[in-house]
Structure formats: structure tokens, C-alpha cells
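The following exercises concern a single protein chain. Please examine the sequence and the structure below, then work through each task before reading its solution.

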Amino acid sequence: RRLATLGTFACLSDELLMRVLSELDACSLLRVAASSSILYVFANERELWRALVLTACQGDEKVLSRLEFTHSWKHTYFRCVLNATVDNVAALFSLSAIERSFRNNPSRAVYSDLLFHAWRCATGRVRTQWLLRDNLPRENVEQLSLDAFR
């Protein structure tokens, strides 16, 4: 299935594919996502959209003043950077034929260790003994720059 849906990009590892996608702007990511079911999954990866939001906020006070996480980093991008309304963002995402096909046909799931890793880290069990150690440096959020946050 990977070869059939990725074509020339099938020779790239998941890591290299993500690296290529990380160089794209939002409009290009949306176009790539519409071209294939596997690229749809990769182009909607939250870290890609998080980077786009943080880049847009850098040096743009208008975007920064509207910054409020909304549902996902992709939704946040449209709400904060493009200043879209909640209804416009919802309509935009409900029109995606590829997204509808994923919801209607769960057997089209994409399996990738790279994509699974973030989910595993977010949902993994935290052992009690790990919480007893406090060896992480603390940062004052008031003095934290955007570059330091990245």
C-alpha cells in the first residue's frame, strides 16, 4: 500500500518523509495531504503544525495576541494565524474527502513507528518512583523566549 499511495516518495523512510514535509508551508502541507491517504496522515502530524504556529508567532504581535490552542495545532494555525472563525475552521475540515474516507473505513489505518512514538509517550504509564525524583531544571515562563521554548 505504501508504494501505491506514495509513489516516488515510497523510497523514503518515515523520518526522511517527515523531514521533507517539515520544510513545507501550511498551504503546501494541505495540498500534499489531499494527494494520498498516507501523506494525509503524515501531513497532519501535530509537530509539523506546532512548528508552523510557533514560527508564525515569532515577531508577529497580531498572531501572538490571538494565540490560543484550539483542538489541535492545525486548528490553532487556522484560528490564530489566518484568523479564521471557529465555524470556518470546522467547515474546512469537514469538507476533506480523504478525512471522510478515513472515518468511514478504519481499515485504511497507517502504521508507522515514527507516528506511534508521540502517542506512546503521551499515553504511557508513569511509574510512581519516577515522580519521586525532581532533577529537571525549572524555567520561569515569564522569562522564556520563543526560541528557548522550541
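## Overall composition

Of the 150 residues in the protein chain, 28% count as buried, where buried means under 20% relative accessible area, exposed over 50%, and partly exposed in between, with a 1.4 Å probe and protein chains only. This is a predicted model, in which local features need pLDDT of at least 70 and side-chain atom pairs count only at pLDDT 80 or more, while totals for chains, interfaces and linings use all residues. Residues are numbered from 1 along each chain as its sequence is written, and side-chain values use heavy atoms, with hydrogens and water left out.

## Exercise 1

State how many helices and strands the protein chain contains.

Solution. Helices (H or I, at least four residues) and strands (E, at least two) are taken as DSSP runs, numbered from the N terminus. The protein chain comes to 12 helices and zero strands. Next, consider contacts, meaning heavy atoms within 4.5 Å. Among those between residues at least 6 apart in sequence, 53% join residues at least 24 apart.

## Exercise 2

Identify the buried residues of helix α3 and explain how they are arranged around its axis.

Solution. Helix α3 spans residues 26-33, and its buried residues are Ala 26, Leu 29 and Ala 33. Viewed down the axis of α3, these residues fall within an arc of 60°, so they line one face of the helix; the arc is that of the directions from the helix axis to the C-beta atoms.

## Exercise 3

Determine which residues of the largest nonpolar core touch the most other members.

Solution. A nonpolar core is a set of buried Ala, Val, Leu, Ile, Met, Phe, Trp, Tyr and Cys residues joined through side-chain atoms within 4.5 Å. The largest such core has 25 residues, of which Leu 17, Leu 21, Leu 29, Phe 42, Trp 49 and Tyr 77 touch the most other members. At least two residues of this core come from each of α2 (14-21), α3, α4 (37-43), α5 (46-57) and α7 (73-81). Now take Tyr 77: leaving aside its neighbours within four places in sequence, Tyr 77 is in contact with Ala 26, Trp 49, Leu 52, Val 53 and Leu 82.

## Exercise 4

Find the salt bridges and compare the accessibility of their partners.

Solution. The criterion is a side-chain nitrogen of Lys or Arg within 4 Å of a carboxyl oxygen of Asp or Glu. By this rule there are two salt bridges.

- Arg 50 and Glu 47 meet at 3.2 Å, N to O. Both lie in helix α5, three residues apart, about one turn of the helix. Arg 50 is buried at 19% relative accessible area, whereas Glu 47 is partly exposed at 36%.
- Arg 138 and Asp 134 meet at 2.4 Å, N to O. Arg 138 is exposed at 64%, and Asp 134 is exposed at 58%.

## Exercise 5

Describe how α2 and α10 are oriented relative to each other.

Solution. Axes are lines fitted to C-alpha atoms, for helices over the stretch in contact, and angles run from 0 to 180 degrees between N-to-C directions. The axes of α2 and helix α10 (residues 113-123) come within 9 Å and cross at roughly 80°. The two helices α2 and α10 are therefore roughly perpendicular, since angles of 65 to 115 degrees are classed in this way, under 35 as roughly parallel, over 145 as roughly antiparallel and the rest as oblique. The contact is made by Asp 14, Glu 15 and Met 18 of α2 and by Asp 113, Leu 114 and Leu 115 of α10.
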